[in-house]
Amino acid sequence: MKITLMEPLGIPQTVLDGYRSKLEAAGHTFVSYASKTADPAEQAARVADSDAVIIANTPFTAPVILGAPNLKFIDVAFTGIDHVGLDACRQKGVTLSNAAGYSTQCVAELALGLAVACLRFVPACDAAVRQGGTGAALRGTEICGKTVGIVGTGAIGLRTARLFLAFGAKVIAHSRTHRQEALDMGIEYVSLEELMERSDIVSLHVPSNGETRRLISAPLLARMKPTAILINAARGAVVDNAALADALNQGRLAGAGIDVFDTEPPLPESEPLLHAKNTVLTPHVAFATDESMLRRAEIVFHNLDAWLAGRPENVCRL
């Protein structure tokens, strides 16, 4: 089998060489690229005669998939798969696995960190110190005692809930599936409308798909308390970001911590959240820590081994 790693995985070369040696010892050909590309022609050239490919979050579109005659397996080094041409995978019979679970801890930690940064005005405090100012006008509020609404109680949502509970918050949730683990933690499931109305902090943890696109709409944002903040470390498309920016600029929402946008950074000047008040913005880094990159590689190469053995794991429903 020819296996192609289409882009770097963010792991030390020695670690990658270890995976390479194992595959080559089993008689497979392993080719890796040191840079990513979104150019369809270049992607097509890289994948041309590959049986399996490993990608991360670079778009991998239908024409590239359909144009690779030997392609049988796509190993996604990411949790979401909305950047992959899923219709083409179905048409071609390609198996698709993802790396769910690798970023659970780091995304939850950044979600909580964004909440702290918003509530304690961390960017403004930093600017005040650097500009010779004081904190006289920068008195924040605490997480302890607040109501936190978790939208989506998958693994990341539940880990985020645990962190907020550890800070003394009350947690409520909305999710398509009610998890016993959440109930055991004392989490109350409510409608999305009730969650938006009751929460002091809303943290989003749902995938991007047809059901969740613009889930957090202008009418739902209007239900939030003017003292509340919104945290999005899920997917940019889940929120109507123009409506969010509008609510922030008009003072109908106290703040937002955002790691994901409608497009990947670098963002165009037209991105509304760049011009919104009281925002803490990070460039889609929630998933990226030294520890998570090693976990991701371990899952990805385990997925590959399982597929090669005829027992694919972490298979995504197409």
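1. A crossing of two helices is called left-handed if the near helix is turned anticlockwise from the far one by less than a right angle, and right-handed if clockwise. By that rule, helix 5 and helix 7 cross in a right-handed way. Helices here are DSSP runs of H or I with at least four residues, strands are E runs of at least two, and both are numbered from the N terminus.

2. Before going on, please keep in mind that this is a predicted model, in which local features need pLDDT of at least 70 and side-chain atom pairs count only at pLDDT 80 or more, while totals for chains, interfaces and linings use all residues. Residues are numbered from 1 along each chain as its sequence is written, and side-chain values use heavy atoms, with hydrogens and water left out.

3. Back to the crossing: helix 5 (residues 104-119) and helix 7 (residues 155-166) pack at an angle of about 45°, with axes 8 Å apart. Axes are lines fitted to C-alpha atoms, for helices over the stretch in contact, and angles run from 0 to 180 degrees between N-to-C directions. Helix 5 is therefore oblique to helix 7; angles under 35 degrees count as roughly parallel, over 145 as roughly antiparallel, 65 to 115 as roughly perpendicular and the rest as oblique.

4. Which residues meet there? Helix 5 brings Thr104, Gln105, Val107, Ala108, Glu109, Ala111, Leu112 and Ala115, and helix 7 brings Ala155, Ile156, Arg159, Thr160, Leu163 and Phe164. Contact means heavy atoms within 4.5 Å. By class, the contact of helix 5 with helix 7 has nine nonpolar, three polar and two charged residues. Ala, Val, Leu, Ile, Met, Phe, Trp, Tyr, Cys and Pro count as nonpolar, Asp, Glu, Lys and Arg as charged, and the others, Gly among them, as polar.

5. Now look at helix 1 and helix 12, which pack at about 5° with their axes 11 Å apart. That angle makes helix 1 roughly parallel to helix 12. Val15, Leu16, Tyr19, Lys22 and Leu23 of helix 1 touch Leu294, Ala297, Glu298, Phe301, Leu304, Asp305 and Leu308 of helix 12.

6. Rings of Phe, Tyr and Trp (its six-membered ring) pair if their centres lie within 6.5 Å; planes under 30 degrees apart count as stacked, over 60 as edge-to-face and the rest as tilted. The count comes to four aromatic pairs. Tyr19 and Phe301 form a stacked one, 4.1 Å centre to centre with 5° between the planes. Tyr19 lies in helix 1 (residues 13-25) and Phe301 in helix 12 (residues 290-308), so the pair ties together parts that are 282 residues apart in sequence. Tyr19, Phe30 and Phe301 form one aromatic cluster.

7. Tyr19, at 21%, is partly exposed, whereas Phe301, at 3%, is buried.

8. Finally, helix 11 (residues 241-249) has Asn241, Ala243, Leu244, Ala245, Ala247 and Leu248 buried. Their cover includes helix 10 (218-222), strand 10 (229-232), strand 11 (255-258) and strand 12 (279-281). Gly251 follows helix 11 and has a positive phi, near 75°. Lys277, in the loop between strand 11 and strand 12, is partly exposed at 48% relative accessibility. Leaving aside neighbours within four places in sequence, Lys277 is in contact with Leu248 and Asn249.

Note on methods
Buried < 20%, exposed > 50% of the residue type's maximum accessible area, 1.4 Å probe, protein only.
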